[in-house]
Amino acid sequence: MLQAIDLTKKYGDFTAVKSLNLSIDPGQIFCLLGANGAGKSTTINLFLNFIGATKGKALVGNMDVKANPKKTKGLISYIPENLMLYKNLTGLENLGFFCGLARNPLSKDELEHILLQSGLQCDFIHKRVHSYSKGMRQKVGIALARARNSKILLLDEPTSGLDPKASNEFSELLLEMKENGVTILMATHDLFRAKDTGTHIGIMKEGQLLENFNTDSVSFLDLESLYLKHMKN
Amino acid sequence: MKVLKLLIKKEIKIALRQRLIRIMAIIIILLLSTALWAGYITYKQQQENVRLAQEQRRSEWLHQIDKNPHTAAHYGTFVFKPKTLLSLFDFGLDTFTGTSKYLEAHYQHEFMFRPAQEYSSTIRFGQLSAALVFQLLIPLLIIFLSFNSFTSEKENGTLRLLMSQHVSYSTIATGKIMANLLILFSLLIPFFTLALIFSGSYANTDVIQNLSFRVLLLLALYVLYIIIFVTLSVWVSMLSKTSRNSLLVLLSVWVLFTVIVPKASTNIGTQTTPLPSLKAFRSAIADDIKNGLDGDLSAPERRKELEKTYLEKYKKDSLHQLPLNFLGISLQAGEDYAGKVYDYHWRKLEQTIEKQNSISSWASFISPYIAIRNLSMGLSSTDVNAYFHFHKHTETYRRNLVKKMNMDLAENSRNGEFFEYKADENLWKTITPFTYTTTSVKRVITYYFIEIIAIITWILLLLLAIYSYSKKIKPIYA
């Protein structure tokens with residue numbers, strides 16, 4: 001569902017992503033681990049077609065994002081590190097607006113149901129977003145992905161700054177989506193979350209994908225030592 | 001289309017939930033209502049004052065005692081500049097040009113009773129009129145409504161979310177422009193509707209020509225002016241990195257448009273083509289009447305020439321033998337020549353003012369405020385053109401009055417008679433009451449054609465800028 005073929009992004013002499021080859025199937029959660037500047041967010045931006053690749057291809061649903069920007073964006077839902085919604089609109093209004101943009105208008109009851117299903121507290125649904133915590137905003141993001149029936153979810157550090165409870169709730173939502181066949185690519189620093197939630201893990205450094213393995217094949221301690229080994233070198 | 005609708009709906013919802021916008025909108029509506037109400041009261045009062053004063057002057061003219069007609073021409077009369085209905089919207093230069101004029105033989109008096117004389121020096125900053133609210137304050141509301149239209153999306157990260165939904169920059173910009181226009185027009189439509197109804201009911205009673213058409217034109221022009229400011233604000237917000245920068249740029253542009261360019265263009269105009277002082281103007285006229293315009297005879301020579309012409313015409317040897325009173329002929333000839341000299345100097349004065357105004361007209365390409373200010377005054381008949389038109393009209397009326405008096409003296413009295421001959425109310429009645437209608441819309445449009453082109457150019461350039469920038473814009477998250 002998500003595929004990177006020799007994907008490269010250069011900014012002048014600096015190479016942000018270097019010949020990345022990657023394939024993620026439906027029902028997989030691929031966690032990209034790496035330090036700041038490793039190229040995780042650039043990879044996500046390349047899949048979103050926010051930036052153009054210098055070389056190679058980013059495929060979404062077997063379609064090149066550059067050649068089919070509209071169709072590929074229609075398949076994707078995107079939740080950045082700090083999902084910013086319109087502060088002067090309520091969670092429900094934000095969700096209704098973005099669903100409308102995705103040409104998937106839903107009734108008020110349906111929107112309420114999806115927000116509740118995504119873990120947003122009932123009494124916050126009709127409150128303006130400026131009173132929301134980061135965790136609540138991320139839940140609206142998940143609700144948006146659900147409402148749009150997105151086949152692919154791109155997440156950029158979604159749990160950074162969330163308290164453990166909110167972080168766990170968020171992971172549960174991701175697992176639920178995975179069960180429904182959604183393809184998930186998540187950039188994160190959080191080794192524990194990657195091990196706990198991901199089906200596959202990739203370690204990136206200086207734009208290169210150094211490791212790509214099944215989560216079940218390593219213990220948390222092995223993952224930690226492998227990660228640290230790459231970071232130290 | 002659906003996406004655009006959603007964007008517009010969202011923008012309107014967000015704008016209406018901002019306290020600052022709500023407060024500014026209320027203030028502007030209050031100011032606009034107050035300005036229109038005050039303008040209407042002034043209009044009604046002045047209409048009544050003009051009516052009463054005209055009736056009184058007319059009665060005084062008709063009931064003056066029997067007297068020599070030339071003395072009656074000196075007794076003269078007052079004429080009053082009727083206030084047009086649209087002057088309640090745009091006071092224009094009315095406050096400074098005066099409201100009435102004394103008409104008498106030999107002499108073109110200045111306008112009297114300038115309302116500005118009754119104000120303190122604060123009048124220099126302009127009176128609160130509805131036009132002032134439209135021209136200066138609504139652009140400010142637009143700036144506060146739109147300065148962060150793009151920057152807030154960038155700062156809050158919502159633009160990234162919008163882009164991830166494959167919404168283009170140009171669609172977002174169109175949505176923002178349309179939403180802001182809808183907000184503004186929903187505030188202003190009651191005023192526009194009222195203006196149309198009001199103008200319809202006064203269409204046949206006001207001194208202004210084509211009143212309803214003028215109102216429609218004014219509304220169309222102000223709509224274009226609002227579009228200019230909305231598009232400009234959204235464009236600046238699109239270019240700016242932060243809301244603070246956007247606001248600073250837009251406020252600076254507002255000051256440039258409404259203060260710096262108008263003042264600078266006026267100063268350049270007065271420096272490059274200065275007007276003569278009133279004293280110099282008057283003394284040049286007096287000199288030319290006395291010595292004759294270039295190539296003309298002097299006053300004594302002209303009189304001799306006139307005597308010769310009349311003696312030859314009637315084949316007589318002396319003025320006493322003429323079948324008319326030569327004094328009346330001589331007075332009228334003097335009046336005719338004074339009129340010719342006055343027209344010559346007045347035309348020069350008009351040309352100087354036209355040159356000054358043309359600098360201001362061309363400055364419309366730098367400041368759309370100048371364009372709308374000039375057009376608004378022009379259509380409301382409160383501009384310098386309207387002043388010239390009224391002046392010309394009063395001068396024609398004065399000349400006809402004086403000519404009738406002089407010719408009556410010439411034709412109905414014996415030669416050499418002056419105070420001995422007395423005319424009565426039968427002569428006074430032959431002078432019709434003073435009436436006035438303003439210049440035509442066609443003349444206003446012709447006079448302010450540059451301003452109209454400037455407004456259209458502004459809109460086209462801004463739309464072009466916004467859409468070409470939307471296409472050229474580089475990825476914001478690189």
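Me: In this predicted model, how many residues of chain A are in contact with chain B?
Reply: The structure is a predicted model, and its two chains A and B touch one another. On the side of chain B, 19 residues take part. The number in contact on the side of chain A is 21.

Me: Which element gives the most residues to the side of chain A that touches chain B?
Reply: The elements that give two or more residues to this side are H1, helix H2 (69-75), strand S6 (76-79) and helix H3 (91-101) of chain A. By class, the side has 15 nonpolar, 4 polar and 2 charged residues. With 4 residues, the element that gives the most is H3(A).

Me: Why is H3(A) described as largely enclosed by the rest of the structure?
Reply: The buried residues of H3(A) include Leu92(A), Leu95(A), Phe97(A), Phe98(A) and Leu101(A), and also Glu93(A) and Asn94(A). Their cover includes helix H4 (108-117) and helix H5 (134-147) of chain A, together with helix H1 (2-16) of chain B. H3(A) is largely enclosed because the buried residues number 10 of its 11.

Me: Which residue with a positive phi follows H3(A)?
Reply: Helix H3 of chain A covers residues 91-101. The residue that follows the helix has a phi near 55°. That residue is Arg103(A).

Me: Which residues have the most contacts inside the largest nonpolar core?
Reply: The largest nonpolar core has 141 residues. Its largest share, 16 residues, comes from helix H9 (residues 211-239) of chain B. Apart from this core lies another of 18 residues, among them Phe80(B), Val402(B), Ala410(B) and Phe434(B). Within the largest core, the residues with the most contacts are Leu95(A), Leu154(A) and Ile184(A).

Me: Which residues does Ile184(A) touch, not counting residues up to four places away in sequence?
Reply: Ile184(A) is one of the residues with the most contacts inside the largest nonpolar core. In general, nonpolar side chains in soluble globular proteins tend to be buried together. With residues up to four places away in sequence left out, the partners of Ile184(A) are Ile29(A), Phe30(A), Leu153(A), Leu155(A), Leu174(A), Met177(A) and Lys178(A).

Me: What is the order of the strands in the open sheet of chain A?
Reply: The sheet has 4 strands with antiparallel pairing. Strands S1 (residues 2-11) and S4 (residues 55-60) of chain A are joined by 5 bridges, and Gln3(A) stands opposite Leu59(A) in S4(A). The order is S2-S1-S4-S5.

Me: At what angle to S2(A) does helix H1 of chain A run?
Reply: Helix H1 of chain A consists of residues 40-48. It lies across S1, S2 and S4 of chain A. Relative to S2(A), the helix runs at about 65°.

Me: Which residue takes a positive phi in the hairpin of S9(A) and S10(A)?
Reply: Strands S9 (residues 200-205) and S10 (residues 208-214) of chain A run antiparallel and are joined by 6 bridges. In this pairing, Met204(A) stands opposite Leu209(A) in S10(A). The hairpin has 2 residues between the strands, and the positive phi, near 45°, belongs to Glu206(A).

Me: What is the radius of gyration of chain A?
Reply: Chain A has 8 helices and 10 strands, and its C-alpha atoms fill a box of roughly 50 × 40 × 30 Å along the principal axes. Of its 233 residues, 47% count as buried. A compact globule with 233 residues would have a radius of gyration near 17 Å, and chain A agrees with this, at 17 Å.

Me: Is Leu379(B) buried or exposed?
Reply: Leu379(B) has its place in helix H14 (residues 368-379) of chain B. It touches Leu86(B), Arg214(B), Leu217(B), Leu218(B) and Val444(B), not counting residues up to four places away in sequence. Because 29 C-beta neighbours lie inside 10 Å, Leu379(B) counts as buried.

Me: How far apart are the axes of helices H8 and H18 of chain B?
Reply: Helix H8 (residues 169-202) and helix H18 (residues 449-472) of chain B pack at an angle of about 145°. Tyr169(B), Ser170(B) and Ala173(B) of H8(B) make the contact with Ile466(B), Tyr467(B) and Ser470(B) of H18(B). By class, the contact has 4 nonpolar, 2 polar and no charged residues. The distance between the axes is 8 Å.

Technical notes: Residues are numbered from 1 along each chain as its sequence is written. Chains are lettered from A and ligands numbered from 1 in the order in which they are written. This is a predicted model: local features need pLDDT of at least 70, side-chain atom pairs count only at pLDDT 80 or more; totals for chains, interfaces and linings use all residues. Two strands pair if DSSP finds at least two bridges between them. Two residues are in contact if their C-beta atoms, placed from the backbone, lie within 7 Å. Axes are lines fitted to C-alpha atoms, for helices over the stretch in contact, and angles run from 0 to 180 degrees between N-to-C directions. A nonpolar core is a set of buried Ala, Val, Leu, Ile, Met, Phe, Trp, Tyr and Cys residues joined through C-beta atoms within 7 Å. A residue is buried if 20 or more other C-beta atoms lie within 10 Å of its own, exposed if 12 or fewer, and partly exposed in between; C-beta atoms are placed from the backbone. The radius of gyration is taken over C-alpha atoms; the globule rule is 2.2 Å times the number of residues to the power 0.38. Ala, Val, Leu, Ile, Met, Phe, Trp, Tyr, Cys and Pro count as nonpolar, Asp, Glu, Lys and Arg as charged, and the others, Gly among them, as polar.
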